[in-house]
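Q: Got a two-chain model to go through. Can we start with how the chains hold on to each other?
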Amino acid sequence: MADVLARRSCGLGHVRFEKTTSHPASIGASSMADTGVLEALLQRVEKADGGVDSLAAAAGLGVDHQVIVGAVKSLQALGDVISAELRSSKHWELTEEGTETAEQGSHEARVFSSIPAEGLPQAELMKLSFGKIGFSKAMSNNWIRVDKSHEGGPRIFRTVESIQDQVREKLLLVKRGDAAQLDEKEKNELKKRKLLAEVTVKSYWIAKGSSFSTTITKQETELTPEMIATGSWKEKKFKPYNFEAMGVAPDCGHLHPLMKVRTQFRQIFLEMGFSEMPTNNFIESSFWNFDSLFQPQQHPARDQHDTFFLSDPALAQEFPPEYLERVKKVHSEGGYGSQGYKYDWKIEEARKNILRTHTTAVSARMLYKLAQQEKFTPVKYFSIDRVFRNETLDATHLAEFHQIEGVVADYGLTLGDLMGVLHQFFTKLGITKLRFKPAYNPYTEPSMEVFSYHEGLKKWVEVGNSGVFRPEMLLPMGLPEDVSVIAWGLSLERPTMIKYGINNIRELVGHKVNLQMVYDSPICRLDS
Amino acid sequence: MPTVGVKRDFLFNALGRTYTDEEFDELCFEFGLELDEITSEKEIISREQGDSKASGASDLILYKIDVPANRYDLLCLEGLVRGLQVFKNKLEAPRYRRVSPDGGEPQRLIITKETAAVRPHAVAAVLRNITFTQERYDSFIELQEKLHQNICRKRSLVAIGTHDLDAISGPFTYTAKAPGDICFRPLNQTKEYTAIQLMSLYKTDSHLRHYLPIIEDKPVYPVIYDSNGVVLSMPPIINGDHSRISLQTKNVFIECTATDLTKAKIVLDMMVTMFSEYCAQPFTVEQAEVVYPDGKTCVYPELAYRKEKLSGEFVNRKVGIRESTDRIAQLLTRMCLLSQPTGVGDEIEVEIPPTRPDVIHACDIMEDAAIAYGFNNITRTTPLTYTVANQFPLNKLTELLRQDLAAAGFTEALNFALCSQEDIADKLGKKISETRAIHISNPKTAEFQVARTTLLPGLLKTVAANRKMPLPLKLFEISDVVLKDESKDVGARNSRRFCAIYYNKTPGFEVIHGLLDRTMQLLDVKPARGEGYHIQAADDSTFFPGRCAEIFVGGKSVGRLGVLHPDVVSRFELTMPCSALEMDVEPFLGFTAEVLLTHDVPMQETFKHQFPARSQSRPALPSRPPTTKTVFGDMSSQAGLEALDGFLADRSYMEGFTASQADAAVFDAIPSPPPRAFCHLRRWWSHIKSFQTERARLPPAKSQFVLPPAPPASDAGEDDVDLFGSDDEEESTEAARIREQRLADYAAKKSKKPALVAKSSILLDVKPWDDETDMAKLEECVRSVAMEGLLWGQAKLVPVGYGIRKLQIGCVVEDEKVGTDLLEEAITAFEEYVQSVDVAAFNKI
């Protein structure tokens, strides 16, 4: 509502006038209704030579200055009816206490007059509102004295017959507008006593404008259906809008920024012909999460410190039995051209249920299922879903985050193909400068870390991980020997934090999210 | 990834040239290392302990280099330099040799049988006439530490002990004794301690306390003595002080004790290959004998060179390059894999040195060729793989819904899947035992005790964290919760939920109710009992009494909505009334024509291009986990039907979210329409019945729900389906027999059922000639039309105008026998009465 008013009452929001307590916009609105003041003011301007001061006009018309200021604003809004020049002047004015003093006398004078000839007990005097201040002042003026040894406590007596209340007289001068008769020292003394205050008065010097007229046409605020129906809008004048003001925020819901980025990544994969994997299984067995990926059972990632294990349901119950045997064999003895890891592989370890540490567990299931098909068909799979790590938390790490993963399985894929696919994928994200670093990952060989050149930081930064799945993972599944599977992964949170300039991951994910940030976040275009 | 710190100047000195930081960074990148940090001892101390402590420290520049976790040969300066020099063609990879001692017997380490209970393996070797400098010595100690932290898995798998051979005398005995019986002066201590005392002494040691749990609870602790009873070490905790090595040590005895022999051999090979460089005879290692309790003797270190043959074409094909065989051999040689073409075709013989235990498959060799070629020199190509993309239907529905819920004025929240028990139980006024929650065994904090079973607490916490925001707060989330589900291989499954809350000065039930109506509109479900949706009052301790309703869709409960109980509101530190809605999304998936992907894997293999099996017989698993298959028993019995009715209470289908052969099989097992009392079963039964025409096309069943009639001889438990059975000849015949039997049963049942007849309901308008036509007579005429497969229904007279009325009459016809043309013809035959016949409505039944 405030915005609407601000827009209608053009320009009023910028200067504040003394004693203005109401919203500037409302002045315009109320004075607009009071056309009587407007016309009276215009008549004064017409009669005056050169112009009139708004303060003088207010005094002359017997209205509050604010009413005149409002009238000036309204007239200005009508066009060049008047010209108004803002002037400011300083003058002295009584404070609230000063006004009281001017009416009833200074505190010391009131003390004096309240003391009868027979004197007054000091305690009684102090009960009076002006007693304390007035007493010390009257004492220093030698108007009164205290008899401390008086029977029944200290008693106060007059020392002079009559007094002259100069303070009051001075204040009365100011009140009458004759402050000039006082010298600066006197004024400052009264100011110190908080009886006088120097105030800055802003007023307008009002003169005739180029299209001056003593009659006014009322300006319309908004177009109405009636105006359209009757065509009356053609004759009306409309108040100008304040285009500086903000509009009214629409009443709407908002999508979460991380989910907006997820939508874009999904879109990219779909554009590239990748099918979405069913990753709606947070609980996974160690078998699918690790063993099937040829990740040895002593691997540090399988430690209590890195992975969430389940106490209920603690163990997985079912595995494809033949496949399980082949996995056991390739770990403990090797085979398929591999030396294996040569350790005692235990089913107990494989059965342990965990919260999956990567979506590659689902990729493993999908590839195993692919191997069960009557005939191998090439596939391109992707997923974006939550994974869990029992890690130490900080501004960039949470115990759960979203992993983006892409997988391509086909005959004869090369490392060059992996780089080519990654190039296409990252180009869709607006990242074109890529290079690859040899890396290590238990289930891919070769493994590559993907780096992109960051124009802002002027250096290469890691943007993802990739590799070709090891034969020890694929062959036990039953995939044909000449099928290669290339894959890559990255987190969803990191690009989102960069995209939306968020430094603390907790402000993005989880209940501590800043909803204002959610409300304000722009749409997500990854390639711009 | 382990990080190795090396002094830059020593590194450059060893590499024989200097590099700028950028140049060295580039070299690392190419080789698969990462120059993580450039720092100095002074900088590290000043950062960790403050500037005052750092004043005396060295200014020498340190490079912190990240090394791949499987390259133990790069964990020290010596190995790094060797690797890089060979890579840059400046050095030939050295050949490591095991030698016998000059005159005299090799050192012997005798393992006693007591070690079997705690740490059964040990290997040993001697570095003879070694020359240490401070740098070499530091590196020697550092490598042990790096190996301990990585391949040794914090000493649990392998522990290394190094000793001054001249201070001790063999043969050595590796045994295990009760902690109280072990007594020696450990490294850096001035007096003797028993093992028991040591364990309490090291309880507070910032470094050693981490290793105590490895043996703490064992009845005996491992210990190595020399022939004079001097303790060399108490692995994996501490060495004895007597045999400690120093800069002056000339001959080093290295022992590795282990729970994993393979890793112990690798670790010993690493220690000796890296530091034999400083022996009088560089790269030679003096062997030691290890005698096992059974009398067997082994000689260590193994220092085995393995030869592999692969084709140049394999490397080219896998990497995507076209290099000659010679060139590939050169590339591999630069990676310390000495290679040469054999001359037979494009065959290359590759020698894998003892420093490269990471090379376990031809693909590892191929990768090294690619690294030497330069990853970034490989041409980036686009695979020609043709595929059609499918979205996962559940995610597709979720994406579509999210958009429209935001358009409905609700803001999306994103909460953690893990939370405390309190969040999903106590705070919502529920018992944790009712929640079907999965429990985490090793949470670091209470925030990770369980996976959420409801989205509501997350949304309430989001509101609590955003109390400063203007009211009302309208939030929603569509995401997964996790529920225990015994029918799944892992015993749990995700369930997609939609949850929304409205938080304001008034409860706003009507707002949440309105959102439900809108959601149903979006999901194309009409407000109606039966097939549509409706809500009805329900009791739920999370909600304010009398302000909670259950949502039914197609007669099945999918969720709840209502005004939250004030206690729930307070427990989430909120102050305003709040209404909420939570429901399942999966029932709205419907049928999709696309191939449905699930992560459920088939438990029996069917693949045709099976890889040639290397061993013919596969041993059965040691343990047979109990099966979780649900079998409901005899469907002709009341008990069987009751069990099935319970099972279907919260499921649409036997498996997943679409009809499958599992449904068909169970359907067939039910002899007659189930009684009305079993409402869930009856609902399912009617639904499955409607699939009769297309049942052959339903997807196959993933699990077995109905047992074939048990063979009379079998006394196996009724509900024990043997999923881990071996697939030998006999059983597959049995399986085939069962399958045949089931097919026969099915065919027999099918033939007994009457063939399904397609029918239609037709509404006819029969118009008379004028207002004087006798409409009663007309109707009589129409009804007199009789055909096989035609059944007349109700009729009424409808005014047409000018006093004329037409006859509107319904009928049901069998499509194959009665056509509308035939009907019209028969009726218009009464031309005395009938002017025309029109079909007003036609519906397939």
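Q: How many salt bridges between chain A and chain B?
A: The count is 8 between chain A and chain B. Keep in mind that this is a predicted model.

Q: Which side chain does A:R435 meet in a salt bridge?
A: That of B:E26, at 2.7 Å from N to O.

Q: And which helix of chain A gives the most to the side that touches chain B?
A: Helix α18, residues 415-428, which puts in 8 residues.

Q: What about that side by class?
A: On chain A it has 65 nonpolar, 38 polar and 31 charged residues.

Q: How many residue pairs are in polar contact across the interface?
A: The rule finds 61 between chain A and chain B, with both residues at pLDDT 80 or more.

Q: OK, area. How much do chain A and chain B bury between them?
A: About 11,300 Å², and 56% of that is on carbon and sulfur atoms.

Q: Which residues in chain A lose the most area to chain B?
A: A:N280, A:E318 and A:H511. Together they make up 7% of what the chain A side buries.

Q: And in residue counts, how many are in contact?
A: 134 residues of chain A contact 121 of chain B.

Q: What stands opposite A:L310?
A: B:I440, in β22 of chain B.

Q: Last topic: what domains does chain A get?
A: The assignment gives domain 1 (33-92 + 205-225), domain 2 (96-200) and domain 3 (258-520). The centres of domain 2 and domain 3 of chain A are separated by 89 Å, taken over C-alpha atoms.

Methods
Residues are numbered from 1 along each chain as its sequence is written. Chains are lettered from A and ligands numbered from 1 in the order in which they are written. This is a predicted model: local features need pLDDT of at least 70, side-chain atom pairs count only at pLDDT 80 or more; totals for chains, interfaces and linings use all residues. Side-chain values use heavy atoms; hydrogens and water are left out. Domain bounds come from an automatic or database domain assignment. Contact means heavy atoms within 4.5 Å. Buried area is the accessible area (1.4 Å probe) that two parts lose on being put together, summed over both. A salt bridge is a side-chain nitrogen of Lys or Arg within 4 Å of a carboxyl oxygen of Asp or Glu. A polar contact is a pair of N or O atoms within 3.5 Å; within protein, one must be able to donate a hydrogen and the other to accept it, and residues adjacent in sequence count only if both atoms are side-chain atoms. Helices (H or I, at least four residues) and strands (E, at least two) are DSSP runs, numbered from the N terminus. Ala, Val, Leu, Ile, Met, Phe, Trp, Tyr, Cys and Pro count as nonpolar, Asp, Glu, Lys and Arg as charged, and the others, Gly among them, as polar. Two strands pair if DSSP finds at least two bridges between them.
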